[in-house]
Amino acid sequence: MIPEINYWAVLIATASTMVVGSVWYTPKVFGTIWMRLANVTPSGNAKDAVGPIITTVIVSFITAWVFAGAIWIAHAFYGGSFLSSALITGLLLWAGFTAARFVTHDAFEGRPVKLTMLNIAHELVTVVVMAVILGAWPPAM
């Protein structure tokens, strides 16, 4: 079984991660708190952000592509609406992989619990937005 993937939805889901991150980590939302908890001081040079942004776009595309495939497989197995398959799959993958791995790594690295919770919450919002996009725009079946 090879999952069918709507690559337009994957591209929009990829872009959505940048939008969510830009809003989430803006100083007026959680950016100031995040910088303090993560002990990050911005250099003030926009060129310093180019590498991390390119990396984020690549990783976000991979995430959206794998997520779209996982949704298709879950939907083929369970049936129901494609959107509900996307949301349930996203929540399960977020809890079992993203949140669990953040907690483990942050505990061993001695990161503040508030930072872990802030980053986990960001990932939850990101996954839900991606799930809505991928679930509302299924591949032609």
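This briefing covers the fold, surface, charges and one arginine of the chain. The model is predicted: local features need pLDDT of at least 70, side-chain atom pairs count only at pLDDT 80 or more, and totals for chains, interfaces and linings use all residues. Residues are numbered from 1 along each chain as its sequence is written, and side-chain values use heavy atoms, with hydrogens and water left out.

**Fold**
- The chain holds five helices and zero strands. Helices are DSSP runs of H or I with at least four residues, strands are runs of E with at least two, and both are numbered from the N terminus.
- The order from the N terminus is α-α-α-α-α.
- The C-alpha trace spans about 50 × 30 × 25 Å along its principal axes.
- Of the contacts with a separation of 6 or more, 76% join residues 24 or more positions apart. A contact means heavy atoms within 4.5 Å.

**Burial and surface**
- The chain has 141 residues, and 31% of them are buried. Buried means under 20% relative accessible area, exposed over 50%, and partly exposed in between (1.4 Å probe, protein chains only).

**Charges**
- The chain carries 6 positive and 5 negative charges, with mean positions 13 Å apart. Lys and Arg count as positive, Asp and Glu as negative; His and the chain ends are not counted. Charges are placed at NZ of Lys, CZ of Arg, CG of Asp or CD of Glu.

**R36**
- R36 sits in helix α2, residues 27-38.
- R36 is exposed, at 59% relative accessible area.
- R36 and S81 are 45 residues apart along the chain, and their C-alpha atoms are separated by 42 Å.
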